[in-house]
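Work through the following exercises with the sequence and the 3D structure at hand. Each task is followed by a solution that goes step by step.

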Amino acid sequence: MRPHKQSGFVLVIGLALLTIASGLVVTGMSLGRYQERQAGNYVRTNSAQLGADDAFRHFLENDAEWVARVKTRVNEELMTGEGKEDAKPLKFSEGYFISLSDEVPVPWKDRKIYAPEDQYTRPMVELVERLDNERVRVTFSGRNWVDGDGRNVGFASFQAVFGVGGGNKPGGAYQDVLVGCEGVNAAGGGIIDSYDSRDGKYGENGNANKSNTTIKSSYKKDGSQEGDIVLSSGQPVYGDVESAGRIVVGNSGTIHGDLKADGDIVVRNGGADIQGDVSSRGSVEMVNGGSVSGNIRANGDVTINGGGANVGGNVASRKAVRLTSSGHVQGNVEANKEIVTGNWSSRIDGNATAPVVRTTSNRDVAEQVGGAIKPASPDVAEVPEVVTEPTEGEDGQQSCEAFTTSDGATISDLTDALEPYASSGSLSIGGGSQTYTLTPNGLQMPADNNNNSVSNPERYKVSRDVSVDGIFPEPTNVLVLDNFSLGGSANFVVDGGDMTLYVKGGIDIGGGATFNVAEGSSLKIVTEGRFNLGSNLNVASESPTDDDGNPILSLYSTYDDEGASGWNAGVNITGASAFKGTIFAPRSTVNVAGSGALYGAVKGRRVEVNGGAGIHYDEALMESSVGTGDGGTDGGAGGGDWTLEGLSYGAND
């Protein structure tokens with residue numbers, strides 16, 4: 001019996017060991033599966049976080065249409081106007097989704113083609129909360145989804161606080177240094193740049209040559225040269241150039257910014273130096289050399305010609321890229337149609353990707369391409385439009401008469417508001433060195449009546465505290481005239497507050513006369529006729545703007561010169577002195593041909609810069625409330641640049 005009991009004990013022990021071993025196997029299998037699941041969760045969460053980061057990046061760069069739509073909605077429903085303090089957070093239940101090409105919104109499910117195993121990421125804006133009248137908190141998220149069953153298998157989010165009360169461009173009337181709705185021709189020898197008068201005088205302590213400026217045209221009409229921007233002189237430009245038509249660069253100085261055009265971009269001269277990127281919805285041609293430090297993108301052909309032509313970045317075309325001479329591209333080249341190298345010394349340092357890559361020289365094309373030659377279509381994305389503001393009229397012409405690019409007051413609204421006030425007749429001042437002062441109480445005459453060139457001065461009546469809603473932020477004092485001229489050696493001074501000189505005819509300031517705006521005062525000149533300035537027109541302050549960023553001196557013209565140019569333009573600035581202020585003439589050419597400088601901003605039907613005139617944009621004008629009607633908060637959240645103030649990862653951070 002003993003052997004039998006022993007065998008039973010051995011059996012029990014064997015079963016126990018087997019059970020323990022089985023448990024260890026099961027435990028090992030469970031641990032492996034757990035680790036695998038954890039790894040999968042990590043990958044999905046990481047991918048979701050990348051989705052949130054992707055949406056956040058587009059918000060920072062402001063480079064997609066959906067970003068503008070979100071910001072506009074935030075502005076309209078959350079930020080501006082009375083009663084918005086208690087506005088509920090905006091929940092984007094349907095989401096705003098980033099684009100595959102970073103330009104054109106696509107359904108978020110289309111992102112699955114970039115993810116394995118039918119999984120895809122949905123980058124989106126979940127929530128926007130109003131913190132105060134100048135700040136919002138945005139929740140960015142990324143969600144991983146599995147196709148077919150709609151399961152969310154990964155989620156990540158974080159929050160960012162943005163300042164939207166002002167931003168870089170709050171949306172007032174003066175957001176660009178030089179705007180010619182139907183085109184710009186800069187042939188002068190002066191610098192076009194920006195500075196900030198809040199930091200002192202132009203040129204002092206490095207307060208100059210800043211790049212916060214844009215030269216722009218906005219007229220859209222097929223088959224017409226209207227809208228072209230021509231830079232044909234040696235002056236440097238510090239900022240971007242954006243055209244609804246073409247951009248033609250001649251013997252220009254260095255352009256410290258990007259070129260963007262809805263039409264063709266033509267670089268004619270080998271001395272042209274473009275420090276930024278070049279993008280065109282038409283073609284890009286470097287006719288006789290030149291240098292582009294950034295990238296080139298075009299919907300049409302890109303032709304790089306002329307000895308020494310150099311592109312520091314990449315080149316991409318929806319059609320063909322041709323290096324017809326000894327051009328050099330330091331980056332990659334992509335074309336949906338073909339890439340052609342011509343001259344023996346044509347060179348592409350990077351990859352060449354196109355259905356056809358060939359050469360017209362007797363070299364092997366592989367010797368002219370430093371990287372790989374990839375015979376496939378890269379499917380280069382379409383270049384987005386430069387001018388995207390609403391247009392009006394059958395020909396698609398954008399309204400030039402609005403004070404802002406959004407729907408708002410026009411210059412006709414301004415003259416309509418002033419029309420009810422009676423005219424005091426014509427005012428002609430000349431003669432000797434007498435001083436005439438315009439105040440809210442009327443026109444003050446010199447004490448020496450024998451040399452007074454103005455008869456019956458008491459008839460010049462000023463209407464006080466006139467409100468022009470939607471255009472001027474504060475009430476103004478208005479003197480209405482039929483015509484105004486200032487000549488001889490007379491002195492004309494505006495003093496005593498904010499004054500408006502509304503002239504239903506023309507204005508002529510010339511000879512040795514001087515026109516001054518006293519310290520602490522401001523002047524708005526509104527004219528329905530031609531404006532000729534051949535003499536000095538100065539403001540006593542070193543700054544063109546007041547403490548609120550509004551111009552101290554501003555000219556508004558409704559005169560229609562039918563597209564005249566040069567001396568026949570509706571607005572002529574030819575004096576040798578500094579013009580510190582703003583010009584708005586949507587129906588006239590503005591001809592700046594003096595040897596001095598303009599400190600402020602210009603917008604006209606066309607703008608011509610000749611002679612040695614320099615144009616210096618005052619960045620304080622970005623805060624201007626002229627044209628907003630509500631102190632300037634109207635545009636900050638509606639598509640302008642938002643200022644990032646911080647990141648948070650909890651609701652109370």
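A residue is called buried under 20% relative accessible area, exposed over 50%, and partly exposed in between, with a 1.4 Å probe and protein chains only as cover. The model is predicted, so local features need pLDDT of at least 70 and side-chain atom pairs count only at pLDDT 80 or more, while totals for chains, interfaces and linings use all residues. Residues are numbered from 1 along each chain as its sequence is written, and side-chain values use heavy atoms, with hydrogens and water left out.

**Exercise 1.** Find the salt bridge partner of E419 and say where the two residues lie.

Solution. Side chains of opposite charge can pair when their charged atoms come close. A salt bridge is defined by a side-chain nitrogen of Lys or Arg within 4 Å of a carboxyl oxygen of Asp or Glu. The partner of E419 is K504, and their closest N and O atoms are 3.3 Å apart. Because E419 lies in the loop between α3 (411–418) and β30 (427–429), and K504 in the loop between β37 (498–503) and β38 (507–509), the pair ties together parts that are 85 residues apart in sequence. Here helices (H or I, at least four residues) and strands (E, at least two) are DSSP runs, numbered from the N terminus. Finally, E419 is partly exposed at 42% relative accessible area, and K504 is partly exposed at 28%.

**Exercise 2.** Describe the salt bridge between R605 and D560.

Solution. The N to O distance in this salt bridge is 2.8 Å. R605 is in strand β46 (residues 597–609) and D560 in the loop between β43 (553–557) and β44 (571–573), so that the pair links distant parts of the chain, 45 residues apart. R605 counts as buried at 18% relative accessibility, whereas D560 counts as partly exposed at 41%.

**Exercise 3.** How many salt bridges does a search of the whole structure find, and which residues are linked in a network?

Solution. The search finds 15 salt bridges. The residues D301, R322, E338 and R358 are linked in a network of salt bridges.
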